[in-house]
Amino acid sequence: MITTDQINTLKDYVKAARTVLVIVGSKPTEDQLSAATSLYLACNRLGKEAGLYAPKEIKQNGLAGLEEQRQELGKQNLVVEFDYNEEAVDKVSYHISQETNKFYLTIKPKKGAKPLEKSSVEFNYAGADADLIFLVGVHELEDLEQLYFGYEPLFDNAIVVTLHSFQPELGNLQLDLSGTSSFSESLAYLLEELEVELNADMASNLLRGIENVTNNLQSRTANADTFETVAKLLRAGARRQRSSAVIEEDLPRSVEFEPKKKNTKNSSNDSNNSKAKRSKKSRK
């Protein structure tokens, strides 16, 4: 159950953050993916520098934002690498040309030494930075595999918020979502509290997650609050997707009721019998 104090704390965390990571586990459910993608889109809508991460690549299944998933951290800093030779490096400087609007890095060798071989220079990305990390459906950091190992300081220094159906023993803020039908329903509530205006993509993702968990709202876990949330999502432009909705043409067809063809002979006999009965009644 999410408390008022937790909501206020979450608001403070989100307001202060500039860089936000949304991370799911190695085997996320569709409901968790629906919530995570919507949270990622919401962070972008709030003007945050956001990223969506998963330890293993998740096949695109129609959820908006999922195509932007990444499996590797460490894309923050550009690193120039080369085999170091003391004679080839005497001074390193840079300048920015106002005419070309380009950045120039200059590596000056010692007097009389050969300059650095450009063929030995390599360019890579390294380092990761985040003010706020959302863990959706994650209860052990080790499950994040390459997203955690080697980046332990990142998780120690950033604010970590967990969203799960219980309270894992990790993170600065643990949000227990067990009071609702699904992760998606809880996230719809959280985004409303954060004053995020839902767009059609976010609403569609959340509706899909709710329908997936509640068997298209037929489960007993779907209560009045669930239907109220669904109504809000539909008003926000949510599209019911074929993969999660019950469609009439997918239902089994057992019996077709068609009008029977009339038998002309029987119809004629029935008509004559009716006339005979009426004439007997009139004689009486």
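**Salt bridges and side-chain packing**

Aspartate 201 is partly exposed, at 34% relative accessible area (buried means under 20%, exposed over 50%, partly exposed in between; 1.4 Å probe, protein chains only). The model is predicted: local features need pLDDT of at least 70, side-chain atom pairs count only at pLDDT 80 or more, and totals for chains, interfaces and linings use all residues. Residues are numbered from 1 along each chain as its sequence is written, and side-chain values use heavy atoms, without hydrogens and water.

Five salt bridges are present (a side-chain nitrogen of Lys or Arg within 4 Å of a carboxyl oxygen of Asp or Glu). Aspartate 201 pairs with arginine 239, with the closest N and O atoms 3.0 Å apart. This pair links helix α5 (residues 200-213) to the loop between α6 and α7 (264-283), 38 residues apart. Helices are DSSP runs (H or I, at least four residues), numbered from the N terminus. Arginine 239 is partly exposed, at 44% relative accessibility.

Lysine 232 meets glutamate 192 at 3.3 Å, N to O. Lysine 232 lies in helix α6 and glutamate 192 in helix α4 (residues 183-193), so the bridge ties together parts 40 residues apart in sequence. Lysine 232 also bridges to glutamate 228, at 3.9 Å, N to O. Glutamate 228 and lysine 232 are four residues apart in helix α6, about one helical turn. Shared partners join Glu192, Glu228 and Lys232 into one network.

Helix α6 (residues 224-235) also holds threonine 226. Threonine 226 is buried, with a relative accessible area of 0%. Leaving aside neighbours within four places in sequence, threonine 226 is in contact (heavy atoms within 4.5 Å) with Ser181, Glu185, Ile210, Leu217 and Thr221.

Note on methods
Helices (H or I, at least four residues) and strands (E, at least two) are DSSP runs, numbered from the N terminus.
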